[in-house]
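Student: I would like to go through this model step by step, from its overall build to its cavities and helix contacts.

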Amino acid sequence: MKRNIFVIALEDKQRHAMETLREAKSLEIHELLSVDTAVEAEKISFNQLLKEAKAHLDNFSGSIDGIIAQWDFPTSVLVPLLCKQYHIPSPTITSVLTCEHKFWSRIEQEKVIPDVVPDFCGVDPFKENPIEQVTLDFPFWIKPVKAFSSHLGFKVENQVQFDQAIEEIRKGIRQLGDPFNEALEYADLPEEIKELDGNSCIAEEIVKGVQAAPEGTVFQGEFNVHGIISQPRADDSLTLYDRLEYPSNLPEHVHHKMVETAKTFLTHIGYDNGCFNAEFMWDEATDKLWLIEVNTRISQSHSEIFVLVDGMSNHEVAIDIALGQRPSLLNRQGVAPVAAKCFIPYVHEDGFVTRVPSKENIQALQQRLPHTDVCLDVAPGQRLSDLLHQDSFCYRLGTLYITGNNHEEIEERYKFCLDFLDFEIEKVDL
């Protein structure tokens with residue numbers, strides 16, 4: 001009899017990646033809530049999503065053997081609550097929310113790994129004079145304690161920019177802050193988090209360097225890392241980072257410190273029976289490592305590049321844990337030594353999409369570069385400013401998946417693809 005695995009907001013691309021799993025033929029993969037409902041909706045209610053997910057599972061006639069998270073909030077927080085009800089191994093809701101709330105997470109990080117924590121402070125954007133709460137000197141970042149990617153994240157260099165950022169944050173923070181507050185009701189909160197809830201912000205010291213992320217698992221107290229992703233930033237890039245590369249080519253001592261830091265923090269908050277990916281930034285000039293955030297799930301952004309390099313999706317370890325099995329992943333059984341997920345950027349100027357790469361254009365690219373894939377996020381006639389969940393730096397027109405023999409070849413092929421793909425954007429006159 002096949003075991004039933006439910007993946008919240010499952011896309012066709014991830015379903016295809018899951019065909020690489022060891023026990024794929026003995027698993028029945030089900031979508032639980034759609035991408036439109038759980039990820040792309042402009043307005044959500046956490047409790048309503050939880051109710052819908054429970055109703056779907058309660059009405060399912062077969063066994064419920066696993067429930068998997070692969071996206072940020074709300075899906076990452078729905079999973080531990082659902083798993084508890086259906087007696088599936090999962091982290092506690094409190095340990096998950098500790099990571100999800102950026103300010104709460106920083107407070108706990110500072111207790112056990114202070115050397116990798118940037119200076120920070122909490123900010124209530126709705127107070128009469130928010131700048132009075134800031135303990136940092138300009139410049140600094142300000143962002144909601146819960147947001148999509150870099151949405152509503154601002155680098156502020158003076159009082160005028162701070163006031164402008166606060167105005168924008170006040171307009172948009174409740175979109176995710178209100179449902180996040182619904183989720184916070186399921187945990188016993190420290191007093192400082194009760195005061196700075198989901199509609200609050202965190203101001204942080206600006207740090208620089210190359211980003212990297214160990215991804216791994218904690219299973220019955222056993223900590224393990226199955227891969228490290230790096231996020232190099234091109235010198236001429238206007239985006240925060242422009243690609244994810246696997247495996248990382250950062251120095252081994254940096255890998256070791258990232259892994260030990262993640263282990264120390266997750267142990268401190270009691271995180272167990274779950275997956276994680278921990279985002280760091282390494283400043284090569286000073287050999288300084290900074291922790292950006294810890295995500296309580298595998299990353300669906302990493303799945304395809306794990307398949308290309310290792311021959312297996314990272315969903316394998318999430319399913320192992322859900323089934324009560326010690327997690328493990330294949331190693332270097334894929335089609336290339338290095339793979340990358342690359343974003344197709346457009347400088348943050350509004351415009352209308354007038355042309356996207358045709359099927360023939362993409363096929364011609366794939367003939368030149370085998371194992372390359374192109375996923376478009378825009379269509380002709382679409383206005384860029386109408387796109388959901390864009391960051392504050394540039395629009396993303398789509399995603400490229402590229403393979404290579406080394407990291408230098410990845411960068412060369414990435415630039416070649418950007419030149420080869422036929423986009424046209426008609427700028428909007430202000």
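The questions and answers below concern a predicted model.

Student: How many helices and strands does the protein chain have, and how does its radius of gyration stand against the globule rule?
Tutor: The secondary structure of the protein chain comprises 14 helices and 17 strands. For 430 residues the globule rule gives 22 Å, and the chain comes close to this, so it is as compact as a globular protein of that length. The radius of gyration itself is 21 Å.

Student: What box do the C-alpha atoms of the protein chain fill?
Tutor: The box is taken along the principal axes. Its dimensions are roughly 55 × 55 × 45 Å.

Student: How many cavities of 30 Å³ or more are there, and how much space lies in the largest cavity?
Tutor: The count of cavities of 30 Å³ or more comes to five. The space in the largest cavity is about 200 Å³.

Student: Which element gives the largest share of the lining of the largest cavity?
Tutor: The lining of this cavity consists of 22 residues, and those nearest its centre are I67, V79, P91, G274 and C275. At least two lining residues each come from β3 (66-68), α4 (75-85), β11 (274-283) and α12 (315-322). The largest share is four residues, and the element supplying it is α4.

Student: What is the make-up by class of the lining of the largest cavity?
Tutor: Gly counts as polar in this scheme, whereas Cys and Pro count as nonpolar. The lining has one charged residue and five polar ones, and its nonpolar residues number 16.

Student: Which residues line the second largest cavity, and how do they divide by class?
Tutor: The second largest cavity holds about 80 Å³ of space. Its lining is made up of C99, K102, S105, R106, Q109, K143, E204, I292, E293 and V294. Two or more of these residues come from each of α6 (102-112) and β12 (288-295). By class, the lining has three nonpolar, two polar and five charged residues.

Student: Are α5 and α6 roughly parallel or roughly perpendicular to each other?
Tutor: Helix α5 covers residues 93-100, and its axis lies 5 Å from that of α6. The two pack at an angle of about 100 degrees. Angles from 65 to 115 degrees count as roughly perpendicular. The two helices are therefore roughly perpendicular.

Student: Which residues make the contact of α5 with α6?
Tutor: By class, the residues of this contact divide into three nonpolar, three polar and three charged. From α5 come T94, L97, T98, C99 and E100, which meet α6 at K102, W104, S105 and E108.

Student: Are α4 and α5 roughly parallel or roughly antiparallel to each other?
Tutor: The axes of α4 and α5 come within 9 Å and cross at roughly 170 degrees. Angles over 145 degrees count as roughly antiparallel. The relation of α4 to α5 is therefore roughly antiparallel.

Student: What residues form the contact of α4 with α5?
Tutor: The contact has six nonpolar residues, along with one polar and one charged. On the α4 side are S76, V77, P80 and L81, and on the α5 side I93, V96, L97 and E100.

Student: Where do the cis peptide bonds from F73 to P74 and from F138 to P139 place their prolines?
Tutor: The bond from F73 to P74 is cis with omega near 10 degrees, and the bond from F138 to P139 is cis with omega near -5 degrees. P74 is found in the loop between β3 and α4. P139 is found in the loop between β4 (120-123) and β5 (140-144).

Student: What are the phi values of N273 and H371?
Tutor: N273 sits in the loop between α10 (252-268) and β11, and H371 in the loop between α13 (359-368) and β15 (373-376). Neither residue is a glycine, yet phi is positive in N273 and in H371. The value for N273 is about 55 degrees, and that for H371 is near 70 degrees.

Terms used: Residues are numbered from 1 along each chain as its sequence is written. This is a predicted model: local features need pLDDT of at least 70, side-chain atom pairs count only at pLDDT 80 or more; totals for chains, interfaces and linings use all residues. Side-chain values use heavy atoms; hydrogens and water are left out. On a 1 Å grid over the protein atoms alone, a cavity is a set of points where a 1.4 Å probe fits but cannot get out, and a pocket is an open set with protein on both sides within 12 Å along at least five of seven lines; lining residues have an atom within 4 Å of a point. Grid points are joined across faces, edges and corners, and a volume is the space filled by probe spheres set on the points. Axes are lines fitted to C-alpha atoms, for helices over the stretch in contact, and angles run from 0 to 180 degrees between N-to-C directions. Angles under 35 degrees count as roughly parallel, over 145 as roughly antiparallel, 65 to 115 as roughly perpendicular and the rest as oblique. Contact means heavy atoms within 4.5 Å. The radius of gyration is taken over C-alpha atoms; the globule rule is 2.2 Å times the number of residues to the power 0.38.
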